[in-house]
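Dear colleague,

Please find below the structure that I am handing over to you. My notes on it follow directly after.

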Amino acid sequence: MNREKDKQQGGNSDTGIGVPHLPQMNWSLVKNLDENNKVLQTLLKDCSDFVFREIHHDGCPRVSIAFIEGIVNTDDIQDHILHPLVEGLSPSGSLHGQEQLSLENTPFSVTQVKNATVWHEVIEAIMDASVLVLVEHMDNGLLINLKGGQRRSVQEPQTESAIRGPREGFNETLRVNTSLLRFKLKTPMLKMENMTMGTETKTAVVLTYIKGLAREDLIEDVRHRLQNIKIDGVLESGYIEELIEDHPYSPFPQVHYTERPDTVVANLLEGKFAILVDGTPFCLIGPVTMWQMLQASEDYYERFFISNFLRWIRLFFMMVALFLPALYIAITTFHQDMLPTTLILSIAAAREAIPFPALVEALLMELSFEALREAGVRLPKTVGQAVSILGALVIGQAAVQAGIVSAPMVIIVSMTGIASFTIPRFNFAITLRLLRFPLMILAGTLGLFGIIIGTVLISAHLTQLTSFGEPYLLGVSPYRRGQSKDILMRVPWWKMKFRPSTTPKGKRQRISDDISGTPTGDEGGWGE
């Protein structure tokens, strides 16, 4: 130790991403308990939740314990640390008269105990819900993991309602989330790699995948991207999503997030990876395709013809949400001859007193609808629903009566809003809502030619988009027979005998060839 040199360099030095640190953090623990206690109290000065206690019995080495109140289980401290420690140091105890208390003769009835010799290891462990035990004549500390505190219990997912399927969802505790995956995947091939991100938050992150099903080059690529993240704090999985995606300037989501363990397990079984972040119930999944954003968990729990009907409904209303306002603007402004005479006369009569062109009218209504939707989300649930519904009815009716917008435009905007609600994934639905505005402007200036130009640009962008190296339109562009059977329709489970072709060869078969219930004469299988 060169403490004088550390003192001279002092607090002007930095570590990590511009994070000031005390020189004591680089010191090693010493055998003098008083000096260790002094350093510990200096490092955690002005921390009101820091708890420190010293225990002493005649003829026994002095012992001190330290922890952060609120993030550890205080009952476990009393039962598994304080009580065994006091009993062991008593005159009749097994530790009485011993000068050493180590992992070999520890009286603590806990499983996770480790040694630490440097102060930065000690402080990081204390901040991560460990209890520190310092003993006189020992130049190391015992760290006992007793993570606890008040956290939300396992509940039904709030953002992904389930008609059929498991009702449990992730919460903010990382180990609870990993256990939910272990309950469903009882195989040692389910790997979970721990990482820590954020120089200040020290957020625990887990990269999980099934070894043998996930490609090694994919996992190595994801591992490299995660290890290259240098940031002061990670508060939600969205931080990581933006830092690891292939095309950060694309409006389309390239990472899927979910609160549902069954969704994560289903993707892991297809050779994908998942990223769990402590402090958030949202798990990241990759790689993804655009078609996955249009699929719900119930598609694989209901009978296949029911799932196919619902999937076709979503595909149709995806087009409605993206193109309907633009088509209305283009036709009423430039291509009136495309509509039947009675319909165009009805629309013209409704628009007769409207002072704005169709483009301005549509922009006003769409922006108002987006504002009402955002207000409904941000307000408390009981108030938000009333504001969104009554606001849409009252403002829409008042705007029509005032002659600001026409009744057909209110219908178009309402249909567009309903269509966007049919998209299962929020991040993909909001992308369609954003792309709707440039398409409306193109339609208002160039008509149907503008819509065609916008469609070509979007299609060209999608064809070159990737998610961790996998094409975003995989199954259609490039065409692969295996993936295409789960895009426009879902074939029965007895035909889905193979995993997607992105999984390693030799690991693609998932259903036995002689599965019972397969119709006679049907060879089944997704195809290679």
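Across which strands does helix α5 lie? Helix α5 (residues 174-184) lies across β8, β9 (203-210) and β11, and runs at about 165° to β8. Contact here means heavy atoms within 4.5 Å; axes are lines fitted to C-alpha atoms, for helices over the stretch in contact, and angles run from 0 to 180 degrees between N-to-C directions. Helices (H or I, at least four residues) and strands (E, at least two) are DSSP runs, numbered from the N terminus.

Please note that this is a predicted model, in which local features need pLDDT of at least 70 and side-chain atom pairs count only at pLDDT 80 or more, while totals for chains, interfaces and linings use all residues. Residues are numbered from 1 along each chain as its sequence is written, and side-chain values use heavy atoms, with hydrogens and water left out.

The sheet

Five strands form an open antiparallel sheet in the order β8-β9-β11-β12-β10, where two strands pair if DSSP finds at least two bridges between them. β8 (190-197) and β10 (256-258) stand at the edges with a single partner strand each, so one side of each is left without a neighbour in the sheet. On average, neighbouring strands of this sheet are turned by 25° against each other, direction ignored.

β8 and β9 run antiparallel and are joined by eight bridges; Asn194 has Val206 in β9 as its bridge partner. The two strands form a hairpin with five residues between them, and Gly198 in the turn has a positive phi of about 95°. Lys202, in the loop between β8 and β9, also has a positive phi, of about 50°, although it is not a glycine. Lys202 is partly exposed at 38% relative accessibility (buried means under 20% relative accessible area, exposed over 50%, partly exposed in between, with a 1.4 Å probe and protein chains only).

Strands β11 (residues 273-277) and β12 (residues 283-286) pair in the antiparallel sense over three bridges, with Ala274 opposite Ile285 in β12.

Gly286 and Pro287 are joined by a cis peptide bond with omega about -10°, and Pro287 lies in the loop between β12 and α9. Thr289 belongs to the loop between β12 and α9 as well and is buried at 16% relative accessibility. Leaving aside residues up to four places away in sequence, Thr289 touches Pro471, Tyr472 and Leu474.

Helix α9

Helix α9 (residues 304-333) has 30 residues, which should span 44 Å at 1.5 Å a residue; its end C-alpha atoms are 43 Å apart, in agreement. The expected span is 1.5 Å times one less than the number of residues. A kink of about 50° lies at Phe323, shortly before the proline Pro325; the bend is the angle between axes fitted to the seven residues ending at a residue and the seven starting there.

Aromatic pairs

The whole structure holds seven aromatic pairs (rings of Phe, Tyr and Trp, the last by its six-membered ring, with centres within 6.5 Å; planes under 30 degrees apart are stacked, over 60 edge-to-face and the rest tilted). The rings of Tyr257 and Phe282 are 5.6 Å apart at their centres with planes at 85°, so this pair is edge-to-face. Tyr257 lies in β10 and Phe282 in the loop between β11 and β12, so the pair ties together parts 25 residues apart in sequence.

Yours sincerely
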